[in-house]
Amino acid sequence: MRQFLPQAKSSPITLARGRTRVRVLPNGLTLLVEPDHSAPVTSVQVWVQTGSIHEGSRLGSGLSHFLEHMIFKGTATRGPNDIARAVQEIGGQVNAYTSFDRTVYWISTPAHGTATAIELLADAVLHSTIPEEEFVKEQEVIRREFAMGFDDPGRMSSELMLATAFIQSPYRYPIIGHLEIFNELTRDDLVAYYQERYVPDNMFLVVTGDIEPADIFSLAGKWFGSAKRCVNAPRFIPQEPPQLGRREAQEEFETELSRCSLVWHIPPLTHGDSAILEVLATVLGGGRSAPLHLELREKKNLVHHIGAYSYMAGEMGLFGVDFVCDPQKRFEAEQAVLAVIARYCKGEASDAELTKARKAILADQLSSLATANGRASDIGASWLLARNPDLGVEYLERVSSVTAADLRRATCEYLSPTTCTVTSVNPRGSLSNASSGESFDSVRRIEMFTLPNGLRVLTCEDRKLPVVSTMAVFRGGLLAETADTNGLTALAGRTLIKGTTTRTSEQIDHEIESVGGHIAANFGHNNFSVSVETMVPDLRLGLELLADVLLNATFPKEEIEREKEDQIAALKAEDEQITAIARNAMRRAVFGAHPYGLRSNGTPESIASITQAQLRAFRDQCVTARNGVLAIFGDINTEEIRQLAKKLFGALPAGELLMTDPPVAPALSEAHEIVVHEPKQQAVIMVGFRGVSAHDPDLPALELIEAASSDMASRFFQRIREELGLAYFVGAAQQAGFAPGIFTFYLGTDPTKADMVRGVFEDEIALLAREGLTNDELERAKKKMIGTEAIGIQSLGAFLSVAAMGELYGFGYDHYKQRQAKFEAVTPEEVRAVAHKYFLEPHRTVVVVTPMQENPSDHG
């Protein structure tokens, strides 16, 4: 172990290194294995060293991404659905992704499923048959993915930036490819690419978690060792020539906000300046106390969001600043960004800025190590880029040695206005108008005590990482709002942390970010919360800040107006997402005037009308001891927390527990149908039914139906996407709160196929309503729910949230322990009765969002 990021007034932080075992099989496949017995979970990942930059004569076709879709579609011994089904049966999660330089397949599973996970991934990547019939179906699925991208202004902005910044490098092509080139691909193209690139010497296996290395080496040898060593011919990657002048590209899109990027070419990760550039990006744009945020958002009100980053791969790097703004402010915001950067070329960053950036980078690294999947991903990326599994630790040591002089040199050397690429995606018409080994429970044991004012405090001592997560959560949300005050919870959360009687918003952000921590407010339909994360030496500061905003928030009027603008901007962004449009229409139809029918962020009119007095009244009513729960988890001492909590939070008003008798929306007496026309290239169909409350005994059965309907092994996915190729995504979701909520089936499709897919979709729902789930579906759903929840609470923050919400809702902080028994007790007969009870025809609501100008169906 080696100490790094030393601080004069803080205890040292250390990270382990050298724990990864490396072995190479005779066929050339490398194994990287790292045991961690802190949770009964493992992550198994196969990294194939091929991505969109390696497609040779097919550059720009999306060949790597297409092949990723096909790998799970059948092997010599398994059919298209068998792998997803097998993963579900061990309670695991399976997924894959393609990037510029890699394709990664992973399974996260409870530890008992590790051997199965290794065998499944070996079979998939080494023995895929790429069936012709599946090729045709998946080709249509990816065309729907193209359509989704064409509707997404953020994705279009990224693609425009890359295509402008690069003129020769294959990084200029989208990972998914260009649709015209993609349409020319044949099955033979995929098979040839698969046979050439998916060879042992071009892959490596990463396994982390609750495992024994010897067992993993044996299993890997058994399932991967039989693959024949093949020639692994290197692919030539054209190097990008130096950029000698400014480049610019602006486009228009169906959006209300401008999304802008300024980027510069920088060296790849292996260059000596990589750590300097990472620190520079964090100094400039790493949080709300960073100069880009303070100057452009807080002081000049030019942007709604801004951040800086350094992206470095094996062959190239980009330093970027991205921001979202109103279109008329784009040019001024661009000039303001360049002015901030110029300051760091003329003068040096302060010691405080350097310290804050180092801690922020360390905190991000610690966060990525909180789960087995995160650690495996870190090892995989380190090996891919540097053949060194400890690259992350060593990189942080380089970060700790960066000086202010280094930052000044790098700013002047790399971030010149004359070598900048500037791109933006803007609203239609705006450019023409512009001027220019322990058990889980023993490792994580929760204790609860109650302060004299009634505040319940949960603690959990977890020594895995030197971090502390804290959350104060209160009952509230939509049930505390009316149509006139819709958005009040969201606005209160945003402004609660924007100033107190002793600190300004800027001081709050600076204090927490100076120690690599962060403070944030979140809200839902039934609650809202304020959370703080710090490293161990800064625990007291984090708790002091949390107590200050809860007890002494002043809701400054200038901050209220600024946050109103951002909240309304968020509404505009949400209105650009076709699924959000459908979901909001569904909620209005199902709940009517009930608070659950309101939008989470409010409406522009209701947000504009909210006053400072209303925000303070909301705080006084909801931020009270009896209405909330305080949870403090991490590398803590519970006795010390008892004293701190009493001292810092003992003055919180007692208040009363809210939402003990929430209003219930009237039952739907007949079916409803809503058709919404939007200028999109896809259609979304949702079929919704009145659901249950979080305390309803029918909830476990409905959760199992949701699980069985929402993955690649579901009857909906198999019938509608795999067999018929009619949808890109299909599944189910429900919301259950203090009052009865909603259960929704949904899918996305080609508008020209909306009639056909709707008929099949509704037939499948009707069959489910009549017959429930098969025994096989129910058993897989149980394993999926149990496995998903075990995987989901690996990280400290997720575990804290589950415990705090359980206590807030009245289930108890250890409710998560009872979930498995509840799921296992559900019978096929109970599922059938619940499906019949909630999914019958008279009670349904159908929402169709489509670009077509005529009603796409005569159903209703």
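Author: A salt bridge is a side-chain nitrogen of Lys or Arg within 4 Å of a carboxyl oxygen of Asp or Glu. The model discussed here is predicted.

Reader: Why is the contact of Arg409 and Asp273 called a salt bridge?

Author: The side chains of Arg409 and Asp273 meet at 2.7 Å, N to O. The cut-off is 4 Å, so the pair qualifies. Arg409 lies in helix H15 (residues 404-414), while Asp273 lies in the loop between strand S10 (258-266) and helix H9 (274-285), 136 residues apart.

Reader: Why is Asp273 called buried?

Author: The relative accessibility of Asp273 is 9%. Buried means under 20%, so Asp273 counts as buried.

Reader: What makes Arg409 partly exposed?

Author: Its relative accessible area is 33%.

Reader: What makes the contact of Glu722 and Arg721 a salt bridge?

Author: The N to O distance is 3.5 Å. That is within the 4 Å cut-off, so the name applies to Glu722 and Arg721. Glu722 and Arg721 are buried. The whole structure has 60 salt bridges. Some form a network, with Arg297, Glu298, Arg494 and Lys498 among the linked residues.

Reader: Why are strands S14 and S17 said to stand at the edges of their sheet?

Author: The open sheet has 6 strands in the order S14-S15-S19-S16-S18-S17, with mixed pairing. Strand S14 (446-450) and strand S17 (518-523) each have a single partner strand, so one side of each is left without a neighbour in the sheet.

Reader: How do you know that S15 and S19 pair?

Author: Two strands pair if there are at least two bridges between them. Strand S15 (residues 456-461) and strand S19 (residues 628-634) have 6 bridges, in the parallel sense, so they pair. Leu458 has Ala631 in S19 as its bridge partner.

Reader: What is the pLDDT of the chain, and where is it below 50?

Author: The protein chain averages 92, and 96% of the residues score at least 70. The pLDDT is below 50 over residues 1-12 and over residues 855-860. Where pLDDT is low, the predicted coordinates should not be read in detail.

Note on methods
Residues numbered from 1 in each chain as written. Predicted model: local features only at pLDDT ≥ 70, side-chain atom pairs only at ≥ 80, totals over all residues. Heavy atoms only, no water. Helix = DSSP H or I, 4+ residues; strand = E, 2+ residues; numbered from the N terminus. pLDDT = per-residue confidence, 0-100. Contact = heavy atoms within 4.5 Å. Buried < 20%, exposed > 50% of the residue type's maximum accessible area, 1.4 Å probe, protein only.
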